[in-house]
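I opened my notebook to look up a few local features in a structure that is new to me.

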Amino acid sequence: MKNRLLTLFIVFLTTSLFAQQIRVFDKSDLSPISGVNITNLEKTSLVSTDANGRADISIFKDGDMLVFSHVAFQTTQLSKSSILQAGSKVYMTENIIKLDEVVFTANKVEEKKSDLPYKMEVIQQKTIRFNNPQTSAAMLEQTGEVFVQQSQMGGGSPVLRGLEANKVLLVIDGIRMNNAIYRAGHLQNAITVDPNMLASTEVLFGPGSTLYGSDALGGVINFSTIDPQLSGNGKMKVKGNVFGRYGSANQEKTGGITLNLGLKKWAFLGNFSYSDFGDLREGKVRNPFYGDWGKCLFYTERINGKDSMMVNDKPEIQKRSGYSQYNGLLKVLFVPGSKSRYTLNLQYSNSSDIPRYDRLTEMVGDTILKYAEWYYGPQKRLLASLKAEYKFNAILFDQASFIAGYQKLNEDRINRRFGKSSRKFNLEEVDVISFNADFDKKLFPKDQLRYGLEFFYNQVGSTAHQENIKTGKVTEDVATRYPDAKADMMNLSAYLSNRWNINKVLNFSQGLRFTYTTLNAAWSDTMMNLMKFPFNKEVSRKNTALNGYLSLVATPGHEWKFSLIGSSGFRAPNIDDVGKVNDSNSQDQLIIVPNPEVKPEYAYNLELSVGKTILGAVRLEGSVYYTWLTNAIVLAPYKYNGQDSIMFDGVMCQVQANTNTGKAYIYGFQASLLAQVTKAFSIVSNLTYTVGRDTENDAPLDHIPPFFGMTSFRMEIKKFRGDFYVMYNGWKRIGQYSPSGEDNQTYATIHGMPSWYTLNLKASYQIIRNINIEAGIENILDEHYRKFASGISSPGRNVFVALRASL
């Protein structure tokens, strides 16, 4: 009898304790929330949810009112008894205002966004999945804070504060993507990062050269891929998800899978996705004033061994714009103890040939297409890195991170003129090795010191040839895009920064970085004879730079924040700046030639930001900035062997080269509104305005976008999330275009690029905890529009549907 009573008591006790295990979920998608702090009103007890959203609340009294708080979610209060009666489940709604959000990019360590002087945008995985961007460039554009130019559908060149391409630094998992052939024009490299493998993306606006080195003049875009997860209990933990998506505007078919195997100290993660994009359909609702502008009236086909110019019976279909791409990610995590962790990171991206749509629409006069073929060869990106992280209370550091990396990239250009048999190949290959060491040390109670080293080395291989498509004959005496005998670049730098928390109201940050770069280039005798270069066949350059920043952040109370920052940026000329031969502006009969005399360019930035939270529900933020550019590298007319024009590829072309203009300026403002109107309804709005001018030549500066922004109306209820939003751009008048040709006025109207707006609607429904369906209509009104400096019209009405399932 006693044994039976004892058994019943144990069962009762176990059941009671187990019953006080609760789980906390995201209300809209039913995903578990980790890191939720649970306290009673008196704050005498505290527990937190684990990686699975679980927490034991047995330490609280039955009559306690419990407070659930998390930086990304609205604070929730529930009685302990009501939680247990409701099945031990708690649902929290995302908070649109995240003042204590933790970010990494600003100082290469995790810290609160509210402590930083910089303007930053953070795109979390949940937002990425809901928005369903086809590429990472589209993901950036959907924020309404990053302008994206497109020459073809398989592209997307981010613009930050009027600076683009090699003046914006792209970083993935702590490794810079920018290499020695990143050009000043428009880049498509961002699309080699699969948005489906990202955990988050952080965008830092303004010069970031102190911590990130050369190229970070306009800002830094930091992509962070998903990490493997340990099991936590020694047993194998298997997690995964699959998804598929279809989009109507370009017949998109995308699918992907992620699998995580977690043990106690080891974890393995694999991610793979494949996308197939058909020809892009533009909007049908057009301004009749501009006639056929933007329509694809003709395209080429080769019939019976002859180029034929075909009439497009559906001119809203932008023929020969489609492509496909696949991406892979493999990570291995090893955590031997609480003070160290090691991550092996392998990434690979590859595409089909990517048609250069803007070039395929160019005409000779009004009667014949200029090109029968113009495409980028398969765009390949390989990355391999090993990262070691340590947390020690040591003399030199509290935290340390070391990353050794290798990248291999291919960038090929193939073109053939209409009616000609000669197909031209420009083939580029870049190998990059890199090493980063970053340290964090709390010297005194009010001082936080960060310092580090960076080394990277680029080696560029550039070849060219022509092939007769009829006879198969190959000709080698063709101008290469870059120096063909030797092309390499090295960078070695060290930085030091400190944040001094003066008191509860003020913090003062300072930083310095010293950079040393070398560049070596050499052309073969064949190239020297072919191009008749007016300089020695070998070029060697060495440059040094010292740049830094000072900032002051004030939080005087009443939910105000003021920040003032003065910073400098630096960009060393790369192989593309110094040694490129290119006819990319040949529509206007321009040729770009090498200029070994190009010097480093600098940016000096002054920025003031003000933020105010009203009643804990409305957040207003605004930033005004002024950037002085000195020795800015811009395309300009150039004398070549004393001549302003030369024959190239059978065409008399005006000569241009990258040159240092004396001075230029950029100024503007960014403003944002975040309003949590009700617990379920919120409003987000972002606006950006930019002005830039080359004062040396008294001309508009290139890459300056028109006024643009986004306004979003969002709803989150149990299992459902919806978003109705408006994207909009102002006019870019033709008189505001740069004379350099980089703004591509050829693809605009005679008046410039018209203003536009689109209405868009998206929704997500969590059918059950493991299955989610998403759908949306982008550009509901089917408006025809083209973004500034772009050579392809944007999608017309796009209906998409996506299905996700998880383990």
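**Ground rules.** I'm working with a predicted model, where local features need pLDDT of at least 70, side-chain atom pairs count only at pLDDT 80 or more, and totals for chains, interfaces and linings use all residues. Residues are numbered from 1 along each chain as its sequence is written, and side-chain values use heavy atoms, with hydrogens and water left out.

I looked up the strands (DSSP runs of E, at least two residues, numbered from the N terminus). Five of them make an open sheet with mixed pairing, in the order S10-S16-S17-S14-S15. At its edges I found strand S10 (119-124) and strand S15 (175-176), each pairing on one side only. Pairing here means that DSSP finds at least two bridges between two strands. Inside that order I checked S14 (residues 168-172) and S17 (residues 219-225): they run parallel and are joined by five bridges. A reminder to myself: strands of a sheet pair through backbone hydrogen bonds, either parallel or antiparallel.

**Hairpin.** Next I turned to S5 (residues 65-70) and S6 (residues 73-79), which pair in the antiparallel sense over five bridges. Two residues sit between S5 and S6, and the pair forms a hairpin. Across it, I see Val 67 opposite Gln 77 in S6.

**Positive phi.** Which residues other than glycine did I find with a positive phi? Asn 304 is one of them, with phi near 55 degrees. I located Asn 304 in the loop between strand S22 (298-303) and strand S23 (306-311). Asn 304 has 79% relative accessibility, so it counts as exposed; the cut-offs are under 20% relative accessible area for buried, over 50% for exposed and partly exposed in between (1.4 Å probe, protein chains only). Lys 532 also has a positive phi, about 50 degrees. I found Lys 532 in the loop between helix H7 (525-531) and strand S38 (538-557); a helix is a DSSP run of H or I, at least four residues. Lys 532 is exposed too, at 56% relative accessibility.

Arg 769 lies in the loop between strand S51 (756-768) and strand S52 (771-778), and is partly exposed at 38% relative accessible area.
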